Amino acid sequence: MAGKNASDLLRPLDPDLERQWDQLAVATGSSPFVRPGWLKAWAGAFRQTEALRLLTVERGGELTGVLPLLAARGVLRSPTNFESPLFAPIAADHEAAAELAERLLAVDSGAVHLSALRPDDAPTEVLLDAAGRSGAPVLRRTLRASPYVDVTGDPAGFWRGLSKNRRHGLRRLRNRMGDAGEVSFEVHDGRENLDALLDEGFRLEAREWKRAAGSAILSRPGSTELFTEAARWAAEAGILRLAFLRLAGRPIAFGYNVQQGSVLYFIKVGMSDEHLKLGPGVVFTSHLVEHAFAQPDVSCVDMLGEDEPYKVDFASGTRELIRLHTFPRSWWGGVQRAAIVTTARARAFVVSRLSDASRTRLSAVRNRLVG
């Protein structure tokens, strides 16, 4: 395909296109984070509504491939940021994924920056392969490894499979919490009392250290708007799952989750600092895993985010998350690639030399600037 301007390839949103996009995302088992409901909430929260466009592929008049993008200053970017759990092309089959990749890599500017990709996602695999064969400078960087829990087997076998120390520690925490009062775990779909549930959950998520770092949902207007509007969409779509761990009727841990297809996505967690000695994060996670095992249509709890200890202790494994850059097929593209590599190495070196307190302050400044 000959090179084309981005404006010739990208389509603005309209109701009929959004309907087809959503149907394709659901039919292909794509994550909820690339459905129009989530991405329109994201775009509205971070003032990107006018910039959100779609790269599409059609076959016989039917939509078979979609890649949401932002176009600015000669670069095509994924509509993602610090609050984006996952991103991926949406394709009905290998042929559609290949055509979508070809169209993306044929844009004249040649500069594409996509983040929050899973390299083992089928359409992403096709894109990575096409980028590698394109002859353009390419840079792939690992962002993190996110834990997941396989809940397809026997629940009793799963718990027996945990380490002896984890089983003992979990039993001790649950007993200690039970001694402190009646413990209950509940999951809400948001069809009733949504605003009150979000208010309760967001306040738990806004822990003292998160507020200091500027990383709590309530620390940034954009984050608050995103997770509020996304919850409204998810509740209407029937996929919202707000989970609470309560002690003597008081909420001490909260999880913002969505369940689509066979996957329960564990997006945000919050807990009471007042009750940290009772291990609310670990106990909450154990209850969430138990809940997932009890759902016959759920096969996986995708814990997203970083491989933090309270997740890893229950995890069946981890999945890599990457960032992909492609650059113009010219000497300038090589310079751009080298500049990003050099900057990333310099940043990593500087951060590695900072104290924990300095890293926290730097993170807080960054979070407030991007919020």
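Which strand holds A116? A116 sits in strand β6, residues 111-117. Strands are DSSP runs of E of at least two residues, helices are runs of H or I of at least four, and both are numbered from the N terminus. This is a predicted model, in which local features need pLDDT of at least 70, side-chain atom pairs count only at pLDDT 80 or more, and totals for chains, interfaces and linings use all residues. Residues are numbered from 1 along each chain as its sequence is written, and side-chain values use heavy atoms, without hydrogens and water.

**Positive phi**

- Most residues other than glycine have a negative phi.
- A116 has a positive phi, near 60 degrees, and is not a glycine.
- A116 is buried, at 3% relative accessible area. Buried means under 20%, exposed over 50%, and partly exposed in between, with a 1.4 Å probe and protein chains only.
- A248 is not a glycine either, and its phi is positive at about 50 degrees.
- A248 lies in the loop between β9 (240-247) and β10 (250-260). A248 is exposed, with a relative accessible area of 56%.

**Helices α4 and α5**

- The axes of α4 (residues 94-105) and α5 (residues 122-133) come within 9 Å and cross at roughly 45 degrees. Axes are lines fitted to C-alpha atoms over the stretch in contact, and angles run from 0 to 180 degrees between N-to-C directions.
- That makes α4 oblique to α5. Angles under 35 degrees count as roughly parallel, over 145 as roughly antiparallel, 65 to 115 as roughly perpendicular, and the rest as oblique.
- On the α4 side, the contact (heavy atoms within 4.5 Å) uses H94, A97, A98, A101, L104 and L105. On the α5 side, P123, V126, L127, A130 and A131 take part.

**Aromatic pairs**

- The structure holds 12 aromatic pairs. Rings of Phe, Tyr and Trp (its six-membered ring) pair if their centres lie within 6.5 Å; planes under 30 degrees apart count as stacked, over 60 as edge-to-face, and the rest as tilted.
- W38 and F227 pair edge-to-face, at 6.1 Å centre to centre and 75 degrees between the planes.
- W38 is buried at 2% relative accessibility, and F227 is buried at 0%.
- F227 also pairs edge-to-face with Y256, at 5.2 Å centre to centre and 80 degrees between the planes.
- F227 is in helix α10 and Y256 in strand β10, so the pair ties together parts 29 residues apart in sequence.
- Y256 is buried, with a relative accessible area of 0%.
- Ring pairs link F33, W38, F227, Y256 and Y265 into a cluster.
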